[in-house]
Structures are given as C-alpha cells and as structure tokens.
Amino acid sequence: MATQTHSLSYAGCNFLRQRLVLSTLSGRPVKIRKIRARDDNPGLRDFEASFIRLLDKITNGSRIEINQTGTTLYYQPGLLYGGSLEHDCSVLRGIGYYLEGLLCLAPFMKHPLKIVLRGVTNDQVDPSVDVLKATALPLLKQFGIDGESFELKIVRRGMPPGGGGEVIFSCPVKKALKPIQLTDPGKIKRIRGMAYSVRVSPQMANRIVDSARGILNKFIPDIYIYTDHMKGVNSGKSPGFGLSLVAETTNGTFLGAELASNPQGQGAAVLPEDLGKNCARLLLEEIYRGGCVDSTNQSLALLLMTLGQQDVSKVLLGPLSPYTIEFLRHLKNFFQIMFKIETKPCGEELKGGDKVLMTCVGIGFSNLSKTLK
C-alpha cells in the first residue's frame with residue numbers, strides 16, 4: 001500500500017481505533033506502549049480486544065502481538081479482504097464504536113463487505129446505529145460510495161448492560177474516491193427522528209416524541225419522529241428507551257443528535273419527557289455549531305478527503321472536536337498530509353458558532369486490492 005514501512009510508535013490507550021484504522025489504510029505497522037500501565041487493571045479492555053479481533057477478521061495477513069499484561073500492542077496490517085462476516089461486539093461499548101472503524105475501511109476492501117454485528121445498538125457513549133445510518137451513510141455517498149448493496153439495517157435492538165442487538169452492514173468496494181466541495185451547508189428544511197423503546201411500555205416512545213416536538217415545533221413545521229417499539233426476541237436483553245434526531249438542510253447536509261436512558265441498575269431513572277427535551281436541545285446545539293458535517297462524522301469526512309484523488313477537497317465544519325484535532329495529527333503522521341485551516345467567524349452569511357474551512361489535496365489513494373472484473 002505505502003512505501004514507508006517503518007513503524008510508528010505511540011504511548012497510551014487513547015485514540016486506539018484511529019491509530020489502528022490509519023495503520024491498516026497506510027500499511028504502516030504501529031506499536032502502542034503503556035496501555036493503562038499504571039491502572040489497577042492494566043492493559044487492553046475487552047472492547048478494545050474485540051475491535052482488534054474485528055480488524056483481524058476483515059484483513060488477510062495481519063500480525064498482532066500483545067504482551068502478557070496487555071500493555072503493549074504491535075500491529076502489522078495485512079490487506080483488507082472483506083467478504084461475508086459475523087462479529088460479536090463487546091457489550092461494554094456500542095456497535096457504533098465498531099461501525100465507525102468499519103465505515104473508514106469498508107470502501108477499500110478486496111471483496112464487498114457484508115457483516116453482521118451483535119451487541120449494544122444504542123448506548124450513552126458511542127454514536128448509535130440510528131444516527132450513523134442517518135448521517136454517515138449520506139456523507140459516504142457524497143464521496144461516490146453508493147450502490148444497492150450499501151445499507152445499514154437494524155434487525156434487533158440491544159440496550160446496555162445486556163445487549164442482544166443485531167445490525168447488518170453492507171458496503172460496495174470503490175476503486176477511488178471523488179473529491180468534494182462542501183462549503184455551503186444551506187438552511188434546515190426538515191427534522192426527522194426515531195424514538196425507540198424496548199422492554200418498557202410502548203407509551204414511553206410517544207411521551208418522548210411529544211416533549212421533543214414541544215421544543216422543535218417553535219422553529220420548523222416539518223418534523224416527523226417515528227416510534228419504534230421492538231417486541232420479543234428483537235428487543236434484546238435489557239430495557240431502555242431513547243431518541244435520535246436528524247436535521248436535514250436544503251443542500252443535503254445531515255446533523256444528528258441523540259440520547260438514551262440510563263442502563264438498568266445504573267444511575268437515576270430518566271423521565272421520557274426530560275429525555276425528549278434534552279435531545280431536542282442537543283440537536284439545536286449541533287445546528288448552532290453547524291457546518292456541512294456534524295461533530296460525530298468530522299474525522300470520517302477528513303479521512304475520506306485525505307484518501308481522495310489528487311485534487312482539492314474543501315469542507316466547512318463547525319468547531320473542531322478534540323477527537324478531530326488529534327485525528328489531524330495522526331493523519332500527518334501516517335499520510336504526511338496537512339490541511340489548510342481557515343477560521344470563518346460567524347457573520348452575516350454564516351449563522352451560529354464560528355466555522356472552520358478545511359482544505360486539502362488528496363493523496364490519490366487507490367484500492368489496490370480490488371479485483372479487476
């Protein structure tokens with residue numbers, strides 16, 4: 001994949017996924033030391049080990065070495081292979097934790113990826129499958145990744161701590177990505193949402209919808225929030241409810257926000273009314289931050305711009321999240337690519353928070369492992 005094969009070395013457990021995903025794409029080995037070395041329970045956690053196992057499944061010829069305490073990891077990436085797979089995700093983190101990594105890698109497989117992921121579909125830490133489906137998939141389509149086999153389907157919902165959810169993700173392979181010019185987010189034209197409830201009264205979802213609409217109706221009339229009450233085996237192993245909201249703009253930009261109830265037996269019980277109100281406020285905050293990509297998918301957009309053809313890509317983002325800032329540093333390490341960053345203070349044409357215009361020239365990454373038909 002890349003000519004430089006000298007390995008990169010990092011310390012600490014933060015941004016493990018970023019490092020492993022970029023290592024896989026660039027073909028550069030990575031060594032991570034001091035993973036929670038001073039912790040009472042040192043080394044890799046179960047959910048991180050599960051992510052490494054997932055990478056091992058989708059690649060061919062990866063070499064992974066972990067020392068006895070789990071505090072040092074050496075990862076030499078193989079070729080992205082793909083195919084039909086199944087993976088049981090750790091219930092400590094949501095399926096979104098694994099999907100975010102897969103969304104970065106899926107277009108560059110040898111065979112189209114079709115994977116069944118089992119675990120927690122909605123939790124309070126990671127982006128839920130609903131939000132990724134509504135925001136990340138349209139973003140990938142902007143880069144030309146599309147086709148009838150491109151879908152993310154929720155078969156069963158699973159709430160923490162028990163999990164028991166199941167999703168199917170399938171993605172076609174792409175030879176090269178097209179550059180993008182996303183500089184005008186447009187105005188909000190509609191808001192869509194999904195209020196779900198599992199193993200609780202179906203009335204919970206209706207109560208969430210009413211309270212969320214109470215806030216959002218003041219701004220825009222075109223609001224539709226679906227309710228989704230899964231029954232029986234499709235409802236996973238734990239009770240819970242939540243809401244995901246997505247605002248769509250006139251230019252096809254999607255901004256998402258979400259909230260889930262506290263897991264069973266952890267923290268105080270959440271009233272569905274409060275959850276609906278707070279989620280609506282989170283969406284309004286996301287709209288205030290603005291930009292052409294919401295804060296969850298900033299790093300995905302920047303990665304796909306980096307891997308695009310040798311042409312200029314531009315994207316207007318809201319304030320950069322700390323995760324994205326670290327991702328830019330990693331992009332520089334793995335791909336020697338720097339972005340031109342221009343701040344656009346909010347004025348007449350740009351409402352809301354200060355914006356950032358990110359510009360880069362793609363490295364012309366082409367999918368070498370894709371078989372020629």
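Predicted model: local features only at pLDDT ≥ 70, side-chain atom pairs only at ≥ 80, totals over all residues.
Trainee: How far apart are the end C-alpha atoms over residues 183-287?
Mentor: Over residues 183-287 the chain is 29% helix and 34% strand.

Trainee: What distance separates the C-alpha centres of domain 1 and domain 2?
Mentor: The domain assignment of the protein chain gives domain 1 as 1-79, domain 2 as 188-289 and domain 3 as 293-361. Taking the C-alpha centres of domain 1 and domain 2, the distance between them is 35 Å.

Trainee: Is Ile-208 buried or exposed?
Mentor: Ile-208 has its place in helix α5, and it touches Ala-195, Phe-241, Gly-242, Leu-243, Pro-272, Leu-275 and Gly-276, not counting residues up to four places away in sequence. Leu-275 is 67 residues from Ile-208 in sequence, yet their C-alpha atoms are 6.7 Å apart in space. The relative accessibility of Ile-208 is 0%, and therefore Ile-208 counts as buried.

Trainee: Is Ser-211 buried or exposed?
Mentor: Ser-211 is found in helix α5, which covers residues 203-216, and its contacts, not counting residues up to four places away in sequence, are Pro-272, Glu-273, Gly-276 and Lys-277. The cut-off for a buried residue is under 20% relative accessible area. Because Ser-211 has 11% relative accessibility, Ser-211 counts as buried.

Trainee: Why is one side of β11 and of β17 left without a neighbour in the sheet?
Mentor: Four strands form an open sheet with mixed pairing, in the order β11-β16-β18-β17. β11 (181-182) and β17 (340-344) stand at the edges, so one side of each is left without a neighbour, and the reason is that each has a single partner strand.

Trainee: Which residue in β16 is the bridge partner of Gln-181?
Mentor: β11 pairs with strand β16, residues 312-317, in the parallel sense over two bridges. Looking in β16 for the bridge partner of Gln-181, we find Lys-314.

Trainee: At about what angle to β16 does helix α7 run?
Mentor: Helix α7, made of residues 298-306, lies across β16 and β18, the latter being residues 355-361. Relative to β16, helix α7 runs at about 170°.

Technical notes:
Residues numbered from 1 in each chain as written. Heavy atoms only, no water. Pairing = 2+ DSSP bridges. Contact = heavy atoms within 4.5 Å. Axes fitted to C-alpha atoms, helices over the stretch in contact; angles between N-to-C directions. Domains from an automatic or database assignment. Buried < 20%, exposed > 50% of the residue type's maximum accessible area, 1.4 Å probe, protein only.
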